[in-house]
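Subject: Structure handover

Hello,

The structure is below, followed by notes on what was found in it. Please read the notes with the model open beside you.

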Amino acid sequence: MDFFWTTLWPLIVILAQSVLLLVILLVGIAYILLADRKIWAAVQMRRGPNVVGPWGLFQSFADLLKFVFKEPVIPAGSNKGVFLLAPLVTCVLALAAWAVVPVSAGWVIANINVGVLYIFAVSSLMVYGVIMAGWASNSKYPFLAALRSAAQMVSYEVSIGFVIITVLLCANSLNLSAIVGAQEKGLANYLGVPWLTVLNWYWLPLFPMFVVFFVSALAETNRPPFDLVEAESELVAGFMVEYGSSPYMMFMLGEYVAIATMCAMGTIMFLGGWLPPIAVAPFTWVPGIIWFVLKALLIFFGFAMAKAIVPRYRYDQLMRLGWKVFLPLSLAMVVIVAGVLQYWPVAMAAVK
Amino acid sequence: MTAAAVFFYLFACILVASAFMVIASKNPVHSVLYLILAFVNAAGLFVMMGAEFLAMILVVVYVGAVAVLFLFVVMMLDVDFAELKQGALQYLPVGMLIGGIFLAELVMVVGSWAIGPGIPTAITAPIPTGITNTEAIGLVLYTRYVYFFEIAGMILLVAMIGAIVLTLHHKARVKRQSISAQNARTPQMAMRVVKVRTGQGLGSNEISSKDAGSAA
């Protein structure tokens, strides 16, 4: 009985929490997918999906059923094991990142010391889903798409890494909850308007890095304008040409979960996580999770608008942007932020 | 404690099995994938030892970057490795003999190894308590071990510059895009509005071919 309470019970609690998070996350993903299509449609003055359910609200579930009930076709020349493993890798890794995301004060499954590094590590593994799918399909276009996408994802990870470092320098911790906690006080207190907490968050002092993070997150998740993985005019449909039914759905799911993860990362690092934007009465009554979701949705709206507005980059331009613009810029910002924090006590007081 | 033991044996078994599969699998891409699995499990073992920072860095650097390049190279090689491995069996006795000698020597060396008292504390920094291991590594990496750190950085820099020098050729005939030059263009530089008279064409506006060339 003692064994049950010390070993099994915490395991059961963690399992229950994980299942709860997964269910909420997946329903949320169904609706941000719909939101993505609706926003895209609205920009192009179309209606978007509006047939299944009121205002098309059940469209994602109809799509889910459609994918699941189709027959999965495995090409004869493919490497079967790797071919089926690739969508699983994409999907599982994308979901695994959410284990450390704090959605409100203390609302996190694993409050680990190196939370930021964990998310960074997991998102750097996402590239394997793409490479394995491209190689295992044993077909030209998927392979080419996998090669260029792998190069793209590895390149933009470098600048995301430096963005994370600047945030860590300011927050003095790798723990995601501690990073949000570090944004409770800051510039607003220094300026004498402590109720205007929106100024405390790191988007203001680290604004260039916020922009670099946003663009790199688009590239890292293979979103337009950097969706060269599935540039349909050049590569048919990218690395998932040979995929259909459930395996294809898992790629889509993994992609959107990764996007949600990036939105959550941006919220935590730059938009103060679950903290209210103005610390006066009606705003402080709202629970932290609502603020977190609203901020993440704000960043996702940016993702969706970028998809609708910006034309696709050419591949060499994409590489140039990553290596020749973002890398020097973020490297310089790491040095500048570290120097300012070290040698200018005023800045130290303002950020902390 | 039991959960920790279960996870230790889980990670350790998968690590050893996948390390074996790296050399045993016929397909080189599968070998690299097993190598990645071995890396991830090694990271799991690091976490169990409380070295979570090292574990995450292992995954980010080796799995996220180095192994991707491995995979790149292996996928693009069109070598029939099964054919290469055909002759491996006839060298097996010699290989096993050499391996056995190495193993015996290693056992002898490690078995007779003795570390003087006080040496471990003299050559390594004392392990601080009460702070996370990320902070602990940071505190010694840039102070006590700064020269080693800098030397490692210099070696990597030299390797990087060497690779660039070996592969970078500027071909004169290749057209390159200069984005700053493109952004600096104005409508006046790029085009010219002309009124074309009916029946006379552009000739009446006296555009010489030289002008048209510079405008384009």
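Start with two helices of chain B. In α2(B), the residues P28(B), V29(B), V32(B), L33(B), L35(B), I36(B), F39(B), V40(B), A42(B), A43(B), F46(B) and V47(B) touch α3(B) through E52(B), L54(B), A55(B), L58(B), V59(B), Y62(B), V63(B), A67(B), F70(B), L71(B), V74(B) and M75(B). Contact here means heavy atoms within 4.5 Å. Helices (H or I, at least four residues) are DSSP runs, numbered from the N terminus. Sorted by class, this contact holds 23 nonpolar, no polar and one charged residues. Nonpolar covers Ala, Val, Leu, Ile, Met, Phe, Trp, Tyr, Cys and Pro; charged covers Asp, Glu, Lys and Arg; the others, Gly among them, are polar.

This is a predicted model, in which local features need pLDDT of at least 70 and side-chain atom pairs count only at pLDDT 80 or more, while totals for chains, interfaces and linings use all residues. Residues are numbered from 1 along each chain as its sequence is written, chains are lettered from A and ligands numbered from 1 in the order in which they are written, and side-chain values use heavy atoms, with hydrogens and water left out.

The axes of α2(B) (residues 28-48) and α3(B) (residues 52-76) come within 9 Å and cross at roughly 175°. Therefore α2(B) is roughly antiparallel to α3(B). Axes are lines fitted to C-alpha atoms, for helices over the stretch in contact, and angles run from 0 to 180 degrees between N-to-C directions. Angles under 35 degrees count as roughly parallel, over 145 as roughly antiparallel, 65 to 115 as roughly perpendicular and the rest as oblique.

α3(B) also packs against α7(B) (residues 133-141), at an angle of about 85° and with the axes 7 Å apart. These two helices are therefore roughly perpendicular. E52(B), F53(B) and L54(B) of α3(B) meet N133(B), T134(B) and I137(B) of α7(B). That contact has three nonpolar, two polar and one charged residues.

Next, the two chains together. Chain A gives 28 residues to the contact and chain B gives 25 residues. Between them they bury about 2,200 Å², 78% of it on carbon and sulfur atoms. Buried area is the accessible area (1.4 Å probe) that two parts lose on being put together, summed over both. Y128(A), W135(A) and L147(A) supply 24% of the area that chain A buries against chain B, more than any other three residues.

How many salt bridges are there between chain A and chain B? The count is zero. A salt bridge is a side-chain nitrogen of Lys or Arg within 4 Å of a carboxyl oxygen of Asp or Glu. Over all chains, the whole structure has five salt bridges. One of them joins the side chains of K307(A) and D36(A) (3.5 Å, N to O). K307(A) is in α12(A) (residues 288-309) and D36(A) is in α1(A), 271 residues apart.

Two backbone details remain. The peptide bond from P224(A) to P225(A) is cis, with omega near 5°. P225(A) sits in the loop between α8 (207-220) and α9 (232-235) of chain A.

Regards
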